[in-house]
Amino acid sequence: MHRVFAIGAVVAGLWPLRVEAQAAPTPPADLDGARRAVFMEAVKAFEAKDWATCEVKADGVWSQKQAPQTAALLGLCEAELGKYAEAAEHLDYYRNNDPKNNPGRTQDVEAAWQKVQPKVAIATISCQEPDVDLVVDGKPRGRAPLTLYLTVDAKVEAKKLGFKPKTANVTAKLGGSQAIALALEVDKENPPPPPPGEKPIWPAILLGGVA
């Protein structure tokens, strides 16, 4: 009987170690030595619950190379710091790119996502035209389609050469999601340039009008 209890105690003692080993982050591939070192510094800060240091270190790696394990580490730290919009963006990146090779990490991210998601609004901005630049509250954010994670209302402006800018006010409905399609109109005074190798048709139109 004592032997059974002894075996059970050993198994119970090893179980947390096995789970912890599953959840231990590893540096993303293709990082140089310096960035790998910074990533591991972020991991140590995370283990010490130094969320601010962890965020700074992980964000430095993320800015150089976006990878799921960095997104998970960064998002978990941001969630602890109450930076819900940033946390939601990085946690969702991991959820959409989860390599499914670390059950512990997946579980941690899902638990954090359940806490963060009700505190943010998710808005997906799309345009019918390709290569449309999006500016959110005066700051360039990339090209459509783009998913925004908001805690307050935002102003989105879509811009493309040859088209009139299009503006939309996005209401932050916390805990919800919405899709916003922006339709751009051609700027007749400054029309878009023709595709490479294709002659513009507007001179012919003008000549036809004159004739």
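This note walks through a predicted model of one protein chain, point by point.

1. **Ground rules.** Because this is a predicted model, local features need pLDDT of at least 70 and side-chain atom pairs count only at pLDDT 80 or more, while totals for chains, interfaces and linings use all residues. Residues are numbered from 1 along each chain as its sequence is written, and side-chain values use heavy atoms, with hydrogens and water left out.

2. **The overall layout.** The protein chain has 7 helices and 7 strands. Both kinds of element are DSSP runs numbered from the N terminus: a helix is H or I with at least four residues, a strand is E with at least two. Along the sequence the pattern is α-α-α-α-α-α-β-β-β-β-β-β-β-α.

3. Of the 211 residues, 33% count as buried. Buried means under 20% relative accessible area, exposed means over 50%, and partly exposed lies in between (1.4 Å probe, protein chains only). A contact means heavy atoms within 4.5 Å. Among the contacts with a separation of 6 or more, 51% are between residues 24 or more positions apart.

4. Find residues 68–80, which form helix α4. Its 13 residues should span 18 Å at 1.5 Å a residue, and its end C-alpha atoms are 18 Å apart, which agrees. The expected span is 1.5 Å times one less than the number of residues. Just after α4, Gly82 takes a positive phi of about 80°.

5. Since 12 of the 13 residues of α4 are buried, the helix is largely enclosed by the rest of the structure. The buried residues include Pro68, Gln69, Leu73, Cys77 and Glu78.

6. **Thr70 as an example.** Thr70 lies in helix α4 and is buried, with a relative accessible area of 0%. Not counting residues up to four places away in sequence, Thr70 touches Pro28, Phe39, Ala58, Val61 and Trp62. Thr70 and Ala42 are 28 residues apart in sequence, and their C-alpha atoms are 9.4 Å apart in space.

7. **Helix α6.** The 14 residues of α6 should span 20 Å at 1.5 Å a residue, and the end C-alpha atoms are 20 Å apart, which agrees. The buried residues of α6 are Gly104, Arg105, Thr106, Val109, Ala112, Trp113 and Val116.

8. **Asp92, a charged residue to check.** Leaving aside neighbours within four places in sequence, Asp92 is in contact with Trp113 and Tyr149. Asp92 and Tyr149 are 57 residues apart in sequence and 9.8 Å apart in space, C-alpha to C-alpha.

9. **Aromatic pairs.** A pair of aromatic rings is described by the distance of the centres and the angle of the planes. Rings of Phe, Tyr and Trp (its six-membered ring) pair if their centres lie within 6.5 Å; planes under 30 degrees apart count as stacked, over 60 as edge-to-face and the rest as tilted. How many such pairs does a search of the whole structure find? The search finds 2. In one of them, the rings of Phe46 and Trp51 have centres 5.4 Å apart and planes at 70°, so the pair is edge-to-face. Phe46 is partly exposed at 26% relative accessibility, whereas Trp51 is buried at 19%.

10. **The pair across two helices.** The rings of Trp62 and Tyr93 have centres 5.0 Å apart and planes at 90°, so this pair is edge-to-face. The pair links distant parts of the chain, with Trp62 in helix α3 and Tyr93 in helix α5, 31 residues apart. Trp62 is buried, with a relative accessible area of 11%, and Tyr93 is partly exposed at 24%.

11. **The second largest pocket.** A pocket is an open set of points on a 1 Å grid over the protein atoms alone, where a 1.4 Å probe fits, with protein on both sides within 12 Å along at least five of seven lines; lining residues have an atom within 4 Å of a point. The second largest pocket is lined by 15 residues, and Ala85, Glu86, Arg141, Tyr149 and Leu150 lie nearest its centre. Two or more lining residues come from each of α5 (84–96), β3 (139–143) and β4 (146–150), and α5 gives the most, with 4 residues.
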